[in-house]
Amino acid sequence: MAVYGQVILLGMMLFVIGGACVLIRRNLIMILIGVEIMLNAAGIVFIAASLRWGALDGQAFVIFIMAVAAAEVAVGLALIVYCQGRSGSINADTYNTLKG
Amino acid sequence: MKPILLLLMLFPLLGGLFSALFGRRVSRWTVERVACAGVILSFIMALIAFDSSGGKHQIITFFTWFQVADFSVLMDVRFDPLAAFMALTVTFVSSLIHIYSVGYMKHDEGYVRYFCYLNLFVFSMLVITLADNLVFLFLGWEGVGFCSYGLIGFWYKDMKNASAGRKAFLLTRIGDVAFGIAIGLFFLIFNSLSITYINGHADILTPGTMTLFGLLLLWAAAGKSAQLPLSVWLPDAMAGPTPVSALIHAATMVTAGVYLLMRLFPVFSGSATAMAFIAVAGTLTAFYGACAALMQGDIKRVLAYSTISQLGYMFLAVGAGNITAGMFHLVTHAFFKALLFLAAGCVIHALHEEQNIFRMGKKLRLALPGVYWPFLAGAAALSALPPTAGFFSKDEILISTFLHAGIFYKFLWFIAILTAALTALYTFRLFFIVFTGESLYYEEESEKSVEKPPPNMIATLWPLGVLAIFAGLLNLPAGWGGGGWLSEYFLNIPGAAHHGEIPHSVENGMAIASAVIGIFGIICAWFLYGPKGLLRRPDLPGAWGGLFDLLREAFYLDWLYRRYIAWPFEKMADILWNRVDREGIDRGLYSFANTFMLFSQILREWTSGRLSGYLFMLFMGLTVILCLLAINFSIL
């Protein structure tokens, strides 16, 4: 029981750390890493909940999340490489053409 | 009869459609031949129809154009002697002018447009000539107006030509308003729009209505036929190519107004007031045109004012109740004026687009005898020298004016015969300055050579020249040994009945008087404008300058319209545009929009373009929503 609460806390901390990474870093790769951390934080919470209630659905979800995360990283990294090739920068602030 | 009349109208229409649809894809040769063939075939059809109708009138319906309740508009024609004769004249003159145009437009790029308009014009003119239904007639009426507009502004790249076209279009529209009102009134009173029906039942009209119709139709006709006070567009219409001036602005379209009056003659012939108005408008215009023609320095403008003047005679004939004489003069005028314009076109062509008569002279006579003699024939006919066609037709108008009851018509007759003298004077002024003596600008002129016009241009002058001299045989008065064939032929036309016997003394006296006056005018012209003439110069000497300006500017009519009609209109438009539209409506809308701009200025600060900023807002929003959900959940 106590372990479940602690794992939830860990997941929350990882989620906040990942979110902070996404918000604060300007580097596109670091933002992508932040997103990955947030996804994995969600995964940890799913596993904990699955153990707590003895239901396998949660673990199946985590496998899906991993697969989606892998695909997302592949696409995301390809986009970053393209951005680098196009404008020579992977700083998120360079891409501000939608500025009002 | 029906297929012949249908083909008569369809040939020019098909020619025009061919030019419009395929003109750019086929060779120039084909376009020219198709256009000419369309009109010439139409002329042949007119001859066949003329021959087989035998002077009777018949009404033939092609089909119903449209129908609303009991108001139906039929595409039908009334083929009577008047229409037959007019159709013959129109198609004959058009055929010659089409052939002439092939030579005249040889180097012009816009030949497809030109022949398309010209063919459509002939079609519309035939619609006016033949139509029995007034709305169908109106279709042709507007059709000729449109083609005229397109051809006056034919060289539209020059702003002056384009605005001349616009002016003609607008001024004739002023007349069309009256025609539109008249059509509405006809339907209201007769419940029918057929000319035959209206003419047959004209006796139900009260004198007041007759006068009203007379004035409305006069107003409509004045627009089309360039009569006072709507005459100012015709001189400017000379901006178009010369064959167009010959066909549309001398021989045919401008006579449409007179023709309309003849067609609907019974409608107003019972009203002495309306007849007097028509006669006065005609007489004044004849005098006005002749005066203005006297001082023009541009060969085409002289002829334009002369056209206005001659159309005035036709109105006078209608006003004097003799539509046979009016039609006779219309036809002879079509011949000799088309001839004069075409000859003028040859002269202009020969001198490389030179229209100033003071740059011409005897070298033209020596270089172009083939133009000189037809021009002389045309000038003689215009001056009404016996025994040319113009002499007989004008004489008949003068006689019927003189014999008309009332001292008032005697006065009109006096002005008309004075105008006849002026006509001879200005015609031979033109002739002497163009074909005799030396050019006033000799030095500049010397390097310009006279270019011989192509033979098909010269060739078309001869048939017209012959007709200008001999067309008088159509209606030779009894005193000259003729039977008055045209008068007999027109007997069936409503309102063209015989006016009783003309006393021989009047007939002979009038013939002698007009012959003497014509010759007197020519002698004056020789002394004033001959090779050693006193007034052979572009202006009048010294103290006469004011008179010169007055006549040259045609009594300042253009200036008056510009000053008192166009200028206030422009001023009003300027106020509506600048004060009301720009400073009122537009400014209101702009300030309304600016209020919203102010709000959006605040909002746009939020879109910083920074990714982290957006994500931060996303997180904040998410947090708020989650918090709300959590609170709700805990309450439940």
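This report describes the domains, the nonpolar core, a strand hairpin and the chain contact of a predicted model.

**Domains of chain B**

| Domain of chain B | Residues |
|---|---|
| Domain 1 | 310-553 |
| Domain 2 | 556-597 |
| Domain 3 | 606-636 |

Taken over C-alpha atoms, the centres of domain 1 and domain 2 of chain B are separated by 48 Å.

**Nonpolar core**

The largest nonpolar core comprises 210 residues. Within this core, the residues with the most contacts are B:Leu217, B:Phe335, B:Ala338, B:Val347 and B:Ala468. Helix 15 of chain B, spanning residues 323-350, supplies the largest share of the core, with 19 residues. When residues up to four places away in sequence are not counted, B:Phe335 touches B:Ala389, B:Leu464, B:Leu467, B:Ala468 and B:Ala471.

**Hairpin**

In chain B, strand 1 (residues 58-68) pairs with strand 2 (residues 71-79) in the antiparallel sense, and nine bridges join the two. B:Gln58 stands opposite B:Phe79, which belongs to strand 2 of chain B. Two residues lie between these strands of chain B, which together form a hairpin. In the turn, B:Ala69 has a positive phi of about 50°.

How values were computed. Residues are numbered from 1 along each chain as its sequence is written. Chains are lettered from A and ligands numbered from 1 in the order in which they are written. This is a predicted model: local features need pLDDT of at least 70, side-chain atom pairs count only at pLDDT 80 or more; totals for chains, interfaces and linings use all residues. A nonpolar core is a set of buried Ala, Val, Leu, Ile, Met, Phe, Trp, Tyr and Cys residues joined through C-beta atoms within 7 Å. A residue is buried if 20 or more other C-beta atoms lie within 10 Å of its own, exposed if 12 or fewer, and partly exposed in between; C-beta atoms are placed from the backbone. Helices (H or I, at least four residues) and strands (E, at least two) are DSSP runs, numbered from the N terminus. Two residues are in contact if their C-beta atoms, placed from the backbone, lie within 7 Å. Two strands pair if DSSP finds at least two bridges between them. Domain bounds come from an automatic or database domain assignment.
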